[in-house]
Amino acid sequence: MTDASSNPGPLSGIRVADFTWAWAGPQGSLLLAMLGAEVIKIESHARLDHSRVHTLTAGSLTGGIDESPVFNDLNLGKQSLTLNLKKSSARDLVKKLVGHCDIVLQNMRPGVLDRMGLGYEDLQKVRPDLIMLSSSAVGATGPERTYTGYAPTFACLSGMVDISGHPDEPPIALSGSVDLRVGTASAFAVLAALIHRKRTGEGQNIDLSSTEVMSSMMGEAFVGYGLNGRVPERTGNRHVTQAPHGCYRCPDDAGDPQWITIAVSTEPEWDALKKVIGDDELERADYSTLKSRLDHQDTLDEVIGRWTAKSPNTEAVNALQAAGVSAAIVHSGKSLASDPHLAERGIYETVEHPLIGSVKVVGPPWKMDGARIPGPAPLIGQHNEHVLTEILGLTGPEIESLVADEVVY
Amino acid sequence: MHQLRHCTPMSKSQETSESQAAATARRAGPLIGLRVLELGEMVAAPYCAKLLGDLGADVIKVEQPGTGDRSRLRGPFPDDLPHSERSALFLYLNTSKRSVTLDLQTATGRGIFERLASDIDILVEDRAPGELSDLGLDYATLADANPGLILTSITPFGQSGPNRSHRSEHLNLYHSAGHASPFQPPSEMPDRAASKAGGYLGEYDAGLMAAVGTLAAVLGRELKGRGQHVDVSKQEAMMGLERVTIGRFANEPNPFSGGGPGGLIETRDGYVIVNTLEPRQWEGLVEAMGRPDWALAEWCQDPLQRRARMEEIQSHLSKWAAKHTRDEIYHLAQKHGTPAGPVRNVKDVMAWNQAREREFFRELVHPEVGAVDYPAGPYRFSVSDWVGTAAPLLGQHNPDVLGGALGYSNEELSRFADQGVI
C-alpha cells in the first residue's frame, strides 16, 4: 500500500459526500478513493448498506455489520459518518457537510433524496458549484424512472444478456460486475464534470442510467442493427467471422479442470497454429480459407482439443504465444490468486482490517502515480467524531446530544 | 484550432419544446479544450478516446495508411458486404474523432507523429510493450518535448510481467480475467467451457477504466505540474470489475456461492430476471403473482426456508411466468417494488420508450452510411452534453491537421502520399 501522505494521488483535495450503497454506487466512490479523493460515506444503523449484511451471490454473511468482506472490498479507504436521514436535524447536518464537499454521489431510487430536501436544487444552494451524480436502474427521468433494479436486471434491459451465452442454452445473466461497470461510468462522468468545473467554475447535476451504461458497451450491435436490420445472436465462445475461436480443455491440475482460449484472427496466425499443433489433419486444403474454417469449426475444434488434452495449460499457452497465436489460460478465482504473471504485477494487495484481519484485495486497475489501495473499509460511524468536529466544528456535548437523539445513528 | 462542436439535431421522433431544443443545442461537452491523440485499433483504446471525444475533447486518431484501424474490416456491415467505411464496429467506436494517416515505420511518419504529440494533453495507445520505445516514441522521449503529456497505454496484460507481450483477442481477455467461471471452469461437460459475455464487453471495460485513470491524471497534472504514464492492463481492469468474487478466492479456498429465489425465468415470449434480495421484494413478487396459496404457506414467510426450498419455488415461478409475457412480468413486478428486467434484444431496446424519452439514441449522419441511430452516453449532464459526431473516413483530416495545423504544403503532402508516409 502506498503511503497517502507521501504521494497524495491525483484527486487529492477533492471531497466527496457519498450516499451510495450496495455495489454500483460504492464502486464509483471507491475508484475516486483509490485516486486520492477524500470520500465520506454517509450511512446509518437505521438503513444499513446491504453489503454489510448480505449479497446476491453469497446470501447472508456471517459475522457482524463491520465484518463483511464484501463491504470491505467495495468501500476501501472511505470514511463513515452515521446520519439518520429520517431526522430533520440530520438532514441539516448533511447540508452543512455538502457545503464543504465538491461532489455528492447517490444511488437511491429517483425522488427519494429530493423528498428529503436533499436534491440537487437544495444542495446547490449550499454549494453553488456542486457536482452531483445520481445513478439509478433506468434513469431519473422518463416513464419508468421509479423502477428499481440490480445488476442482472439492468443487464437484461440493456440488450447485453440477450447476446451472452451459448446459442443452445438460456442467456447468461452476467454478475455483480455489471454493477461495477455502472460505478466506473459514474466515476468517469464525475471526473468529466470536475474538469468542466475547473474550466468554467460551474458544477452540475448528472443523471446516470445503469441500463444505458451496459447498452453503451455493445454499441456496435445497435449501429449494426441500423445498418442491416439484423438482431445479433448468441455465439458462446465462438465468433461470427473468425475460426478457430474457442475454449479447449487441457489436463486437470490437482483435480481442477483446466482450459485455455485460442482465437485465430489472421492467416499468419492460422499458419502458426498449425505448426504448433503439428497435426496433418489441419494441413488439409479444406481448411485453407477462413470460410472453410468457419464451416468446419466442429472438426477443427476436435483436432485442436486432442492436442490441448495432452498439453498442460501454461505450456500450451507459451508455445502458442511464442509462435504468434492469441492464447491464454481460462482462469478461475482460485487460479488467478496463484498466477505468476499477476504475482509479478503485484495486483493483489493486503489491507489490515481491524476486525477481519489481513485481507487480500484486487489492487487499483491502473498502474499510475498516486493510485493506491487506500486502506480498509470503515467501521460504521468510525469517523463521526472526526467529521463532526474537524469539518463541521461541532463540540463534544453537541455530538453527544445528537447521538442521544439518534440523529447521529 | 478548436471548433466548438454542437449537439446533433434532435431525433425527429422527439417532441420537445423549442426552448428546450435551443438550450440543448447551446450546450457543449464538459471536456472541451482537451486535446487527445489516439494510436489504437479495435475496441479498448478507441473506446477510451471515443469517451473523451463524445464529451467534447478534440481527438485525432492516427491510422495506418491504406488499411486503417482493423475494426474497419470487422462488421456488422450493410448487406454483410465488408467495406472499410461501413463497419458498425468502427463507426460506433470512432465517433467524435478526426482521422490522420501516418506510417510510423517511416522516419517522416514518426517525425510528424512527434510534432502532433508535442502539442496535446493525452496520448492513448495500445501498442505491445516496447514497440513505441523501438520507434523512439516512448514516454520519456515524448514527455521531454511535452512535460504535461499524459500517456495512457492499454495492453492485454500490462507493461510488465512475463505475459506482457502476449497477444489477446476479446475471448482470451475475458476468460483470462476469471469472469466466465470464477468459481471453477466446468468439468461436467468436457467439451464445453462456460461462455464469455457477448460482443467485446471486456475490451470496453478496459477502455472505460483507462478513461477514468486518464481524466484523473489530467486533474492530477495541476497538482504535480507534469503529466504521467498510465499503465492499464486489460486483464487487471476486468479483475477489478469482479473484485468481490475474485478477492474472496485470494482469502479463502472455497467461498460459498448461491443466491435467493428468482433469477432467470422463462416466460411466454422470452426470459425475464426477477431479483428478491430484500424480504419486501419477495413480498412484492407475491403480490405481483396475485398472492397464490403456495406463497402464503408458513414456511414461505421465512427467508431461510425459502432458500432451502428454492427448487420448489423456482418451479412455481416458472409455471406462473409461462402464462405471461416478459413485459407483463416486468411492469407487474416493478409496480410492486420488485426488481425485474426482461431480456431484450437490440431491436427491443431501440424501441423502448424509456430510452427514447431520454434521448439515449441520437442520430448521426455519416457520408457513407447516412443517418443512423447511435447509443449516446449513459449520463445526462445538466449543464454539459454528449456532443458525439460521426466517425471519420480514413485519412479524412490529413489536409486539416497536416496541412492546416502543422503547415505542410500540398506538394509535401503529395510527396508523403507517394512515399506511403500518409
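Predicted model: local features only at pLDDT ≥ 70, side-chain atom pairs only at ≥ 80, totals over all residues.
Taken along the principal axes, the C-alpha atoms of chain B fill a box of roughly 85 × 60 × 50 Å. Among contacts in chain B between residues at least 6 apart in sequence, 70% join residues at least 24 apart.

Helix α11 of chain B, residues 279-288, shows how one element sits among others. Its buried residues are Q281(B), W282(B), G284(B), L285(B), V286(B) and A288(B). These residues are covered by elements of chain B that include strand β8 (270-275) and helices α12 (293-296), α13 (303-308), α14 (310-321) and α15 (326-335). Just after α11(B) comes G290(B), with a positive phi of about 80°.

The next topic is the interface. Here 147 residues of chain B are in contact with 155 residues of chain A. The size of an interface is often given as the accessible area lost when the parts come together. For chain B and chain A that area is about 12,500 Å², with 62% of it on carbon and sulfur atoms. Three residues, R167(B), R243(B) and L277(B), supply 7% of the area that chain B buries against chain A, more than any other three residues.

Polar links also cross this interface. Between chain B and chain A, 57 residue pairs are in polar contact. On the side of chain B that touches chain A, helix α8 (residues 201-224) of chain B contributes the largest share, 17 residues. That side of chain B divides into 75 nonpolar, 45 polar and 27 charged residues.

The two chains are joined by strand pairing as well. Strand β8 (residues 204-209) of chain A and strand β12 (residues 379-381) of chain B run antiparallel, with three bridges between them. In one of these, I206(A) has F381(B) as its bridge partner.

Side chains of opposite charge can pair when their charged atoms come close. Over all chains the count comes to 55 salt bridges, and across the interface of chain B and chain A it is 13. Another pair is formed by R226(B) and D369(A), at 3.9 Å from N to O. This pair crosses between chains, from the loop between α8 and β6 (229-233) of chain B to the loop between β13 (357-362) and α16 (384-391) of chain A. R226(B) has a relative accessible area of 44% and so counts as partly exposed; D369(A), at 29%, is also partly exposed.

Other salt bridges lie within one chain. In chain B, E38(B) and K61(B) meet at 2.6 Å, N to O. The pair links distant parts of the chain, with E38(B) in strand β1 (residues 35-39) and K61(B) in strand β2, 23 residues apart. E38(B) is buried, because its relative accessibility is 0%, and K61(B) is likewise buried at 0%. In chain A, salt bridges that share partners join D102(A), R127(A), D129(A) and R197(A) into one network. Also in chain A, D295(A) and K291(A) meet at 2.7 Å, N to O. Both lie in helix α11 (residues 290-295) of chain A, four residues apart, about one turn of the helix, and both are exposed.

D69(B) is buried, with a relative accessible area of 2%. Leaving aside neighbours within four places in sequence, its contacts include K61(B), E63(B), F90(B) and N94(B). A polar atom of the D69(B) side chain lies 2.9 Å from the backbone nitrogen of M42(B).

The loop between β2 (58-63) and α3 (88-93) of chain B also holds P76(B), which is joined to G75(B) by a cis peptide bond with omega about 5°. D79(B), in this loop too, has a positive phi near 55° and is exposed at 63% relative accessible area. E359(B) likewise has a positive phi near 55°, but E359(B) is buried at 14% relative accessibility. Its place is the loop between α17 (353-357) and β10 (361-366) of chain B.

Notes. Residues numbered from 1 in each chain as written. Chains lettered and ligands numbered in written order. Heavy atoms only, no water. Contact = heavy atoms within 4.5 Å. Buried area = accessible area lost by both parts, 1.4 Å probe. Salt bridge = Lys/Arg side-chain N within 4 Å of Asp/Glu carboxyl O. Polar contact = N/O pair within 3.5 Å; in protein donor to acceptor, adjacent residues only side chain to side chain. Nonpolar A, V, L, I, M, F, W, Y, C, P; charged D, E, K, R; others polar. Pairing = 2+ DSSP bridges. Buried < 20%, exposed > 50% of the residue type's maximum accessible area, 1.4 Å probe, protein only.
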